[in-house]
Structures are given as structure tokens and as C-alpha cells.
Amino acid sequence: MKLSTKIDLCELSPIRKFYPYAVEAQKRGITIYHLNIGQPDIQTPPAYFEALANYREDVLAYAPSPGIPMLIEAVQKYYARLGVSFSEEDILITTGGSEALLMAMLCILDEGCEVIVPEPFYPNYHTFIRMAGGRICPVHTKPEEGYRYAERSMIEPLINEKTRAILVTNPGNPTGTVLTAQELRLLADIAKEHDLYFICDEVYREFIYDGGKLTTAAAFDDLKENLILIDSVSKRFSACGARIGALLSRNRALIEAATKIAQARLSVATLDQVGAAALYGVDPSYFDATREEYQRRRDVCYRKLREIPGVVTTEPKGAFYTMAKLPVDSAEKFQMYLLNEFEDNKETVMFAPGSGFYATEGAGESEIRIAYVRCEAELERALDLLRIAIERYNQA
């Protein structure tokens with residue numbers, strides 16, 4: 001039987017593909033420090049669970065396809081606090097930010113269309129774009145240059161008749177790069193001048209360090225037709241399992257197109273929407289405390305990586321990820337070594353090999369992504385394990 005060529009072009013997630021080997025290592029009694037997946041251990045605000053406990057409807061019914069009014073209003077109020085106005089018709093509630101991304105790609109891409117994406121990038125971008133028949137046109141960045149990319153000379157030569165959009169994550173996954181207001185404005189101007197969609201994935205918006213401030217692309221009033229904003233409660237409120245996101249755009253034709261998909265999938269889970277609506281009412285001090293915690297973890301991660309001979313990395317300014325170039329021949333081979341052969345006091349570590357975060361053939365072979373979502377003590381130990389493992393691997 002034949003599978004579709006679109007799905008054949010998709011790869012397994014570099015973040016999750018080593019799971020079976022991790023299971024086998026655990027069966028051997030090995031403790032694994034998971035730095036491979038962005039699952040925060042920060043407590044989900046109790047308001048979410050209280051809202052579920054207080055749900056008293058007699059029937060758990062379908063929600064409206066665009067989302068329940070309570071949640072849409074909560075999202076509007078959240079953006080109003082950022083000084084940004086969205087109407088009810090500009091917001092489509094989705095099953096996580098992932099569905100919002102897939103919907104956007106299905107709405108804007110024809111077969112063979114291209115999306116300009118700085119690399120390294122969130123690997124599921126590849127899957128969503130390929131499922132819609134498109135391809136990524138990568139803006140190649142380097143660890144030695146801090147993974148910066150917001151320059152006309154890097155973007156405009158990639159634009160051609162097949163280009164439909166520029167897609168950025170800000171703050172960045174996997175690099176932790178944060179665009180300045182001037183850099184974001186430049187990218188928005190390029191998209192507008194070339195009549196392209198500007199897709200901004202801002203799911204890590206609250207997590208910017210060292211006193212930095214984020215300019216949301218939604219603040220640019222002149223991007224009415226161009227801007228597609230991707231959002232989610234997963235990281236903001238440490239509620240990954242709730243699977244609630246949003247697709248936002250003032251481009252009514254785009255929202256109407258996405259609504260066709262929303263209606264076909266019927267609705268997002270009702271109870272999760274009820275809980276998510278309550279999350280938007282948490283006190284802003286929740287974000288202050290969470291940001292401070294992640295910054296401490298960032299500091300530990302960056303310090304420990306710099307102590308490892310031969311590692312090339314840059315200090316992440318946002319999100320809770322960092323990329324690092326290791327002094328090994330292959331990050332994938334090294335990860336297999338960590339799970340199949342290495343242990344120190346019956347402990348090992350997992351990361352996400354870097355090649356899956358690139359579209360350029362052969363790029364990122366010795367790079368890794370680390371999610372610094374563990375407590376400081378566990379990060380210290382995990383990165384000590386990484387240092388010990390690199391020494392033994394290269395000796396072998």
C-alpha cells in the first residue's frame with residue numbers, strides 16, 4: 001500500500017525519536033536527566049484545576065468551533081494589557097499552538113510554495129509546512145554569530161515568486177534568541193514590501209531575561225493583512241497538557257479560511273477551554289516569579305556549558321532553550337552512546353540532536369538543543385554528566 005508523498009517527506013521528531021532507547025535504559029536502572037523536551041516543572045496555576053472542579057453543566061457539549069466566548073474574551077483582555085486590540089472575529093482558539101500553525105500553513109500554501117524560516121528552528125515547522133505541500137527556505141545562522149538573522153541581506157535574496165511567508169519564533173526555540181524592536185520592525189517591513197505573510201510564533205513571550213522587553217508583532221498596526229500570530233497557554237502557564245492555543249490575525253479572509261478547518265474538526269476540548277480562560281486571570285506576579293526562576297536556570301546552564309572544553313554556545317536571552325555545538329563527530333551518535341553505553345553512578349542525560357532543527361543538508365550535525373526546564377541542582381548534575389560523557393566518548 002502507498003503512503004502520501006507529503007508524509008514521506010516528514011521526519012520523526014528529533015525531540016522524541018530517542019524515547020524507545022530511553023525506555024530501555026530505564027529498564028536497566030539508569031536515571032535519565034531529560035533536557036530534550038520543553039516540559040516545564042513549574043506548577044500550573046491552581047485556577048485551572050479550580051475551574052474544572054467548578055464546572056457544573058449537565059452535558060459536556062461541543063464548544064463553538066472558533067472557541068468558547070469566555071476564553072476569547074480572556075485572550076482579548078490579555079492582549080489589551082499589552083496595549084494591543086483584537087476583536088472577537090480576529091481570534092480562533094486551537095488545539096495548542098501546533099494546530100494554529102498547521103491551520104495557517106494549510107490556508108496560505110499551495111503545492112511548491114516556500115516559507116522563509118531562520119534555522120535552527122522548531123522541527124515541527126518542517127512537518128506542518130510539508131503537510132501543506134510547501135517547503136522551508138532556510139535562513140542559515142551560526143552559533144559563532146549568536147544565531148542572528150534579522151538583516152535584509154540575509155532575507156531578501158531568498159524571496160522569489162514561490163515565497164508566501166516569513167516565519168519566526170520570538171523568543172526563539174531552539175536558540176533563545178530575542179529580536180529587538182528594530183529587528184522585528186525590519187522583518188515586518190520586508191514582509192509588507194513583498195506582500196508576504198509574517199507569521200510570528202510568540203508562545204514564549206513572557207520569558208525574556210536580563211530586564212529585556214519584548215515587542216509583540218501585534219503592536220504594528222500597519223500589518224493588518226500580513227500578520228498571523230501564534231499563541232498558546234502551554235509554556236506561559238506551564239499547562240502543556242491543556243492543549244489550548246490561538247490563531248490571531250486581523251486579516252479577515254485568513255480567519256474565515258481557517259474557520260473552515262476549525263468547523264471541520266468540530267471544536268477544541270470544552271473543559272480545557274474553561275480551564276484556560278481561568279488561567280488568563282492569574283496575577284502578573286506569577287510571570288515575574290517564573291521568569292526569575294528560568295533566568296537562574298539559564299545562568300546555570302550557560303555557565304556549565306562554558307566550562308566544557310570545546311563547546312561553542314551563546315547566552316540565550318529568552319524562552320528556556322539553548323543550542324550548543326559539541327566537540328563530537330555526531331550529536332545523534334553521541335546521544336545513542338549516552339543511552340546505550342554511558343552511565344555515571346547509574347545516571348545519564350538526554351538532549352535533542354541539532355540536525356533535526358535545520359533544513360540545510362548536513363547542518364547542525366554536532367549541535368544539540370537543551371531545554372533548561374529542570375531545577376538548578378539537576379541542571380548542574382546533567383551538564384556534569386554531559387562533560388564526563390564527552391571526554392569518554394572522544395577517548396573511545
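Leaving aside its neighbours within four places in sequence, which residues is threonine 127 in contact with?

## Threonine 127

Cys10 and Glu11 are the residues in contact with threonine 127 once neighbours within four places in sequence are set aside, contact being heavy atoms within 4.5 Å. The model is a predicted one, in which local features need pLDDT of at least 70, side-chain atom pairs count only at pLDDT 80 or more, and totals for chains, interfaces and linings use all residues. Residues are numbered from 1 along each chain as its sequence is written, and side-chain values use heavy atoms, with hydrogens and water left out.

Threonine 127 belongs to helix α6 (residues 124-131); helices are DSSP runs of H or I with at least four residues, and strands are E runs of at least two, numbered from the N terminus. Threonine 127 counts as buried because its relative accessibility is 19%, where buried means under 20% relative accessible area with a 1.4 Å probe and protein chains only.

Beyond four places in sequence, the contacts of phenylalanine 198 include Ile166, Val168, Leu184 and Asn226.

Methods. Buried means under 20% relative accessible area, exposed over 50%, partly exposed in between (1.4 Å probe, protein chains only).
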